[in-house]
Amino acid sequence: MILEHFKRKKYKAANSINIQANFAVKCPECEGIFFKNDIDKKNKICPSCGKYLKMSARERIESIVDKDSFTEYFKERKIRDPLEFPEYKEKQANLRKKLKEDEALICGVAKIDDIKVVIAVMDTRFMMASMGSTVGEKITKSIELSIKKKYPLVIFTASGGARMQEGMFSLMQMAKTSQAIAKHNQKGLLYITVLTDPTTGGVSASFASLGDVIIAEKGALIGFAGPRVIQQVTASKLPEGFQRAEFLLEHGLVDMVVQREMMRDTISNILKIHSKIKRRG
């Protein structure tokens, strides 16, 4: 009887957690609890303190592109494990099943205010959007698609950096994606990169920093190594706001800092200006 009692309590607690996860969201900053639908309607911004909550890649795409205009490209069926790293394949398979996504990047063709673009968006839920060989390949294919179709390229970055389970294969993606961007630049095509929280490691040191227009989302952490590591290595106190979007704007490393609710309009305006310049040229 006692065992059955505890089982029932455990089931009720688990059920309560599932209900909360499905219908309510807790802000990590002010700890306020809000209906999930209300948060989704506000671009995942806390209505109490203004904290930016994490967005999945599909949520990000939905908030930026014209309704029903997105067509996904380069869905990856194969699970890559070049070093046969212990439990790496299983981890990827579990994430695919849980998230219903093939990798940490979703890419394809869409319209933003009727202007066709190639868009790629990173998703931190999949191994912190670390860049392995599949992510590097999908980024490169997106760049090549932009060149082929002569569409502007928009990439939203969010990453913990290189994927350690792939070692040197992961680091090679920095050179691979950067070379593809160089070819894109030679064709005179527009490349907009949007740095969201966090954009670090090999992603920040490669294609994320090579945009013609580099936008940072308000408050985003952007850098190569993290501030704690830098502080330990240099044995010095870092300035306030170090590696945040506003700090990078002040020091000329990004072109603009944009609030999430203004991101679609900002990108649309850049695309329209570029389109007018192209027609005049």
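Contact here means heavy atoms within 4.5 Å. This is a predicted model, in which local features need pLDDT of at least 70 and side-chain atom pairs count only at pLDDT 80 or more, while totals for chains, interfaces and linings use all residues. Residues are numbered from 1 along each chain as its sequence is written, and side-chain values use heavy atoms, with hydrogens and water left out.

**Ser56**
- Ser56 touches Asp123 and Arg125, leaving aside residues up to four places away in sequence.
- The loop between α2 (36–41) and α3 holds Ser56; helices (H or I, at least four residues) and strands (E, at least two) are DSSP runs, numbered from the N terminus.
- Ser56 counts as buried because its relative accessibility is 10%; buried means under 20% relative accessible area, exposed over 50% and partly exposed in between, with a 1.4 Å probe and protein chains only.

**The sheet**
- An open sheet of 7 strands has the order β3-β4-β5-β6-β7-β8-β9, with mixed pairing; two strands pair if DSSP finds at least two bridges between them.
- Its edge strands are β3 (71–73) and β9, each of which pairs on one side only.
- On average, neighbouring strands of this sheet are turned by 25° against each other, direction ignored; axes are lines fitted to C-alpha atoms, for helices over the stretch in contact, and angles run from 0 to 180 degrees between N-to-C directions.
- Strands of a sheet pair through backbone hydrogen bonds, either parallel or antiparallel.
- Strand β5 (residues 115–122) pairs with strand β6 (residues 153–159) in the parallel sense over 4 bridges, and Val118 has Leu153 in β6 as its bridge partner.

**Strand β8**
- Strand β8 (residues 213–217) is largely enclosed by the rest of the structure, because 5 of its 5 residues are buried.
- Val213, Ile215 and Glu217 are buried on one side, and Ile214 and Ala216 are buried on the other, so both faces of β8 are covered.
- Strand β7 (residues 191–199) runs parallel to β8 and is joined to it by 4 bridges; Leu195 has Ala216 in β8 as its bridge partner.
- Strand β9 (residues 256–258) also runs parallel to β8, joined by 3 bridges; Glu217 has Val258 in β9 as its bridge partner.

**Helices across the sheet**
- Helix α3 (residues 57–64) lies across β3, β4 (105–112), β5, β6, β7 and β8, and runs at about 155° to β5.
- Helix α10 (residues 263–280) lies across β4, β5, β6, β7, β8 and β9, and runs at about 175° to β8.
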